[in-house]
Amino acid sequence: MPSPESLTVVLPAYNEADRIGPALDELFGYLRRRGERAREGAPGSAELPGRIEVLVVDDGSSDGTAALVAARPEAMEGTDRGGVSLRVMTVP
């Protein structure tokens, strides 16, 4: 069975401005390491597809969650982030 070429990680968010930054820092740190092993012997991100998109779905937050996500470097188009990208979708 062929391995997938890409992976999308979907993170729902509602008024997460205080927590979304540290959560994304941790997630992108793991994804960028591309090691064989993660903490405590868990499988590393080297086992994941080469293209990974993190999609934050902001469900009508009133605290600026979507703006914080959109301002992150991983969300900037046209920059190579080692196959890892970030996108925010806002729903009312």
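Pro4 counts as exposed because its relative accessibility is 55%; exposed means over 50% relative accessible area, buried under 20%, and partly exposed in between, with a 1.4 Å probe and protein chains only. Pro4 sits in the segment before β1. The C-alpha atoms of Pro4 and Gly50 are 9.0 Å apart, although 46 residues separate the two in sequence.

The model is predicted, so local features need pLDDT of at least 70 and side-chain atom pairs pLDDT 80 or more, while totals for chains, interfaces and linings use all residues. Residues are numbered from 1 along each chain as its sequence is written, and side-chain values use heavy atoms, without hydrogens and water.

Helices (H or I, at least four residues) and strands (E, at least two) are DSSP runs numbered from the N terminus. Three strands form an open, parallel sheet in the order β1-β2-β3, where pairing requires at least two DSSP bridges between two strands. β1 (6-13) and β3 (84-91) are the edge strands, each pairing on one side only. From one strand to the next the twist averages 20°; axes are lines fitted to C-alpha atoms, for helices over the stretch in contact, and angles between N-to-C directions run from 0 to 180 degrees. Eight bridges join β2 (residues 51-59) to β3 in the parallel sense, and Val57 has Met89 in β3 as its bridge partner. Helix α1 (residues 17-33) packs on the sheet and touches β1, β2 and β3, its direction making about 165° with that of β2; contact means heavy atoms within 4.5 Å.

Ser45 lies in the loop between α1 and β2 and is buried, with a relative accessible area of 2%. A polar atom of the Ser45 side chain is 3.5 Å from the backbone oxygen of Leu31.

How values were computed. A polar contact is a pair of N or O atoms within 3.5 Å; within protein, one must be able to donate a hydrogen and the other to accept it, and residues adjacent in sequence count only if both atoms are side-chain atoms.
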